[in-house]
Amino acid sequence: MDTRQLDRLRWRCRRGQLELDLMLDGFLKQHYPKLSAPEQAAFERLLELPDTALQGYLQGQDCPAKEFEEIVRKIRQ
């Protein structure tokens, strides 16, 4: 992955809510490069969700949609 793509993802991880920002940016830095291509795609689709849905999934308040279950589990670890 080139630097521009990573910068775009880092920007998309900035949600304006400190807890979400820390979770997403930390995951991006530490784990994203090691993910398989389908997992990376799932993470990128996850970032398209509204903040309220994303927050509910990552904080365990809501059950994630089937396509996001695995990536959400990895982020929450």
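Here is a short walk through the structure, one selection at a time.

**Before you click**

What you have open is a predicted model, in which local features need pLDDT of at least 70, side-chain atom pairs count only at pLDDT 80 or more, and totals for chains, interfaces and linings use all residues. Residues are numbered from 1 along each chain as its sequence is written, and side-chain values use heavy atoms, with hydrogens and water left out.

**Stop 1: the core**

Select Leu-24, Phe-43, Leu-46, Ile-71 and Ile-75, and show their side chains. These are the residues with the most contacts inside the largest nonpolar core, which has 20 residues. A nonpolar core here is a set of buried Ala, Val, Leu, Ile, Met, Phe, Trp, Tyr and Cys residues joined through side-chain atoms within 4.5 Å. Buried means under 20% relative accessible area, exposed means over 50%, and partly exposed is in between (1.4 Å probe, protein chains only).

Helices are DSSP runs (H or I, at least four residues), numbered from the N terminus. Which helix gives the most to this core? That is α2, with four residues.

Zoom in on Phe-43. Leaving out residues up to four places away in sequence, Phe-43 touches Cys-13, Leu-24, Phe-27, Leu-28, Tyr-32, Ile-71 and Ile-75. Touching, or contact, means heavy atoms within 4.5 Å.

**Stop 2: along α2**

Select 18–30 and look at the helix from the side. At 1.5 Å a residue, the 13 residues of α2 should span 18 Å, and its end C-alpha atoms are 18 Å apart, which agrees. The expected span is 1.5 Å times one less than the number of residues.

Next, pick out the buried residues of α2: Leu-20, Asp-21, Leu-24, Asp-25, Phe-27 and Leu-28. They cover an arc of only 160° around the axis, which puts them on the same side of α2. The arc is that of the directions from the helix axis to the C-beta atoms. An α-helix has 3.6 residues a turn, so residues three or four places apart point the same way.

What covers the buried residues of α2? The cover includes α1, α3, α4 and α5.

**Stop 3: how α2 crosses its partners**

Axes are lines fitted to C-alpha atoms, for helices over the stretch in contact, with angles running from 0 to 180 degrees between N-to-C directions. To see where the two meet, select Met-23, Leu-24 and Phe-27 in α2 with Ile-71, Lys-74, Ile-75 and Arg-76 in α5.

The axes of α2 and α4 come within 11 Å and cross at roughly 70°. That makes α2 roughly perpendicular to α4. Here Leu-20, Met-23 and Leu-24 in α2 meet Asp-51, Leu-54, Gln-55 and Leu-58 in α4.

**Stop 4: over to α3**

Select 37–46. In α3, Gln-40, Ala-42, Phe-43 and Leu-46 are buried. They too cover an arc of only 160° around the axis, which puts them on the same side of α3. On the face turned away from that buried side, look for the exposed residues Ala-37 and Pro-38.

Bring α5 back. The axes of α3 and α5 come within 9 Å and cross at roughly 85°, and the two helices are therefore roughly perpendicular to each other. Glu-39, Ala-42, Phe-43 and Leu-46 in α3 meet Ile-71, Val-72, Lys-74 and Ile-75 in α5.

**Stop 5**

In α4, select the buried residues Leu-54, Gly-56, Tyr-57 and Leu-58. Their cover includes α2, α3 and α5.

Just after α4 comes Gly-60, with a positive phi of about 75°. Gly-60 sits in the loop between α4 and α5 and is partly exposed, with a relative accessible area of 42%. Draw a line from Gly-60 to Arg-76: they are 16 residues apart along the chain, and their C-alpha atoms are separated by 8.7 Å.

Finish at Asp-62, also in the loop between α4 and α5. Is Asp-62 buried or partly exposed? Partly exposed, with a relative accessible area of 40%. Leaving out residues up to four places away in sequence, Asp-62 touches Gly-56 and Tyr-57.

How values were computed. Parallel < 35°, antiparallel > 145°, perpendicular 65-115°, else oblique.
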